[in-house]
Amino acid sequence: MKKIVTGGTIVTATETYQADVLIEDGKISKIGKELMDTEAEIIDATGQYVFPGGIDPHTHLDMPFNNTVTDDDWKTGTIAAAFGGTTTILDFCLTAGEVKLIDAVEKWHEKAKNKAVIDYGFHLMIGDLNENTLAELPQVLQQEGISSIKVFLAYAKEFQATDRTLYQAFKVGKEMGAVVMVHCENGSVIDELVEEAKALGHTEPIYHALTRPPQLEGEATKRAIELAHLADAELYVVHVTCKEAVDEIISARKKGYKVYGETCPPYLVLDQTALAKPNFEGAKYVWSPPLRPKEHQQVLWNALKAKQLQTIGSDQCSFNFNGKKRLGIDDFSKIPNGGPFIEDRFSILYSEGVAKGKITINEFVDMISTNAAKIFGLFPQKGTIAVGSDADIVLFDPNKERVISADTHHMNVDYSAFEGLTVKGEPVSVLSRGEFVVKDKEFVGEFGRGQYIKRKVKKGEFKEAVTN
Ligand code: URP
Ligand code: ZN
Ligand code: ZN
């Protein structure tokens with residue numbers, strides 16, 4: 001079935017213009033003025049922006065973590081993503097404890113199959129980088145079309161890579177043309193600070209933030225940058241939160257190092273005081289790295305504006321407050337780390353960024369979609385509105401206002417970290433490969449329609465770089 005989106009304003013990372021979009025067989029086949037086709041369904045987008053679907057490069061759906069499992073699976077997580085204007089997610093396939101990496105990937109396919117309502121790919125998250133996993137890694141990346149590896153410098157007891165294994169991961173990244181994503185915090189020193197705090201009798205959620213200071217994010221970021229450079233590899237620093245890390249990224253990029261940085265919505269609008277809320281409510285805001293003192297927010301906005309940070313990931317990793325978060329009621333270090341953000345990523349960046357004049361609408365598209373497509377090997381199939389691209393389209397009403405609330409969101413979580421925040425602008429309808437998944441704010445998609453996207457793995461070559 002053909003469709004024509006008519007009357008809207010198309011916005012890409014580089015252009016804003018009025019034109020119609022013809023969709024055929026899930027692809028954009030024509031863009032122009034007053035397009036006509038008697039067989040096409042007409043979609044009136046008057047007064048709306050026609051954005052490329054959001055690409056969320058950082059999600060953890062149905063993932064075992066911190067002795068429990070995240071509460072959004074591939075049904076609720078992808079529905080919430082679609083309502084929020086996201087049409088592709090890149091989820092972390094966790095491989096810790098697996099005998100073979102390929103078995104872990106198979107398990108992740110099983111989780112997503114028959115559930116996902118939007119398209120998806122996997123990053124391979126290497127929780128245990130050893131002789132066997134290192135040997136298997138190149139073949140799995142090639143076979144599965146996975147062009148990104150993730151390594152942790154945090155979570156000392158579970159996943160933390162040594163400097164040696166981190167360097168080995170960078171060498172594989174270089175060899176395979178895969179970007180290496182790193183969670184940059186010094187996990188061993190954090191564990192020591194946690195023990196010190198507990199020895200003094202501190203149990204409350206605020207100590208999660210106080211035992212993970214920004215210096216330890218800055219230090220780990222610098223270490224990852226230097227080791228990536230030594231291996232001539234491409235580094236993507238996930239969830240950057242603070243000046244200490246931003247400064248390291250800027251200084252590396254000035255030297256021409258291949259470093260990208262991502263930040264996430266909560267770090268742009270919330271601050272560390274949230275963890276001090278009474279009655280254990282601070283646990284709702286426990287994730288890693290933690291929220292920072294307010295002054296770091298402006299540093300992140302400045303770095304986004306200056307293109308020193310390129311992407312916005314949700315870091316969706318949801319745990320119910322009246323449920324799994326309570327595992328840490330007597331001990332802050334047992335609160336599962338993570339929050340529910342997949343649905344509000346797009347709206348918060350638009351409202352806090354574009355509507356408040358911090359970034360332009362084209363910069364918004366770059367950060368919410370295009371840059372992730374380029375860094376992770378999806379462009380130009382995804383990440384733009386262009387002839388030949390997938391018809392992943394968000395029809396967005398910039399004049400609508402909405403108050404974020406757990407009462408109305410679609411995530412499988414009993415709280416919102418942004419409860420009560422008014423956001424300007426709203427995704428009204430969302431198409432994935434030309435099919436409505438959300439139509440006039442109603443879910444009309446089908447479970448299992450989302451497709452696994454094999455990405456380009458260019459052995460020995462770097463992917464298309466994001467321009468400065
Ligand atoms: O606290 C967080 N961010 N949980 C998800 C896992 C991670 O570190 O990204
Ligand atoms: Zn992380
Ligand atoms: Zn994460």
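The model is predicted. The zinc ion (ligand 3) is coordinated by His58, His60 and Asp315, and Asp315 is also among the residues that come nearest to ligand 1.

- Because the 4 donor atoms around the zinc ion (ligand 3) subtend angles of 89 to 131 degrees, the arrangement is tetrahedral.
- The zinc ion (ligand 2) is 3.9 Å from the zinc ion (ligand 3).

**Donor residues in the chain**
- The sequence spacing of the donor residues of the zinc ion (ligand 3) is H-x1-H-x254-D.
- His60 and Asp315 are 255 residues apart and link distant parts of the chain.
- His60 sits in the loop between strand E8 (54-59) and strand E9 (64-65), while Asp315 sits in the loop between strand E17 (311-312) and helix H11 (345-355).
- His60 has 5% relative accessibility and therefore counts as buried.
- Asp315 has 9% relative accessibility, so Asp315 also counts as buried.

**Ligand 1**
- There are 13 residues around ligand 1, of which Tyr155, His183, Ser288, Asp315 and Asn337 come nearest.
- Tyr155 places a polar side-chain atom 2.6 Å from an oxygen atom of ligand 1.
- A polar backbone atom of Ser288 lies 2.7 Å from an oxygen atom of ligand 1.
- In the side chain of His239, an N or O atom is 3.5 Å from an oxygen atom of ligand 1.
- Ligand 1 taken alone exposes 260 Å², and the protein buries 100% of that.

How values were computed. Residues are numbered from 1 along each chain as its sequence is written. Chains are lettered from A and ligands numbered from 1 in the order in which they are written. This is a predicted model: local features need pLDDT of at least 70, side-chain atom pairs count only at pLDDT 80 or more; totals for chains, interfaces and linings use all residues. Side-chain values use heavy atoms; hydrogens and water are left out. Donors are N, O and S atoms within 2.8 Å of the metal (3.2 Å for Na, K and Ca); water is not among the atoms, so sites may look incomplete. Four donors count as tetrahedral if all angles lie between 85 and 135 degrees; four count as square planar and six as octahedral if opposite donors are over 155 degrees apart and all others between 65 and 115; anything else is irregular. Helices (H or I, at least four residues) and strands (E, at least two) are DSSP runs, numbered from the N terminus. Buried means under 20% relative accessible area, exposed over 50%, partly exposed in between (1.4 Å probe, protein chains only). A residue is near a molecule or strand if one of its heavy atoms lies within 4 Å of it. A polar contact is a pair of N or O atoms within 3.5 Å; within protein, one must be able to donate a hydrogen and the other to accept it, and residues adjacent in sequence count only if both atoms are side-chain atoms. Accessible areas come from the Shrake-Rupley method with a 1.4 Å probe; for residues, only the protein chains shown count as cover.
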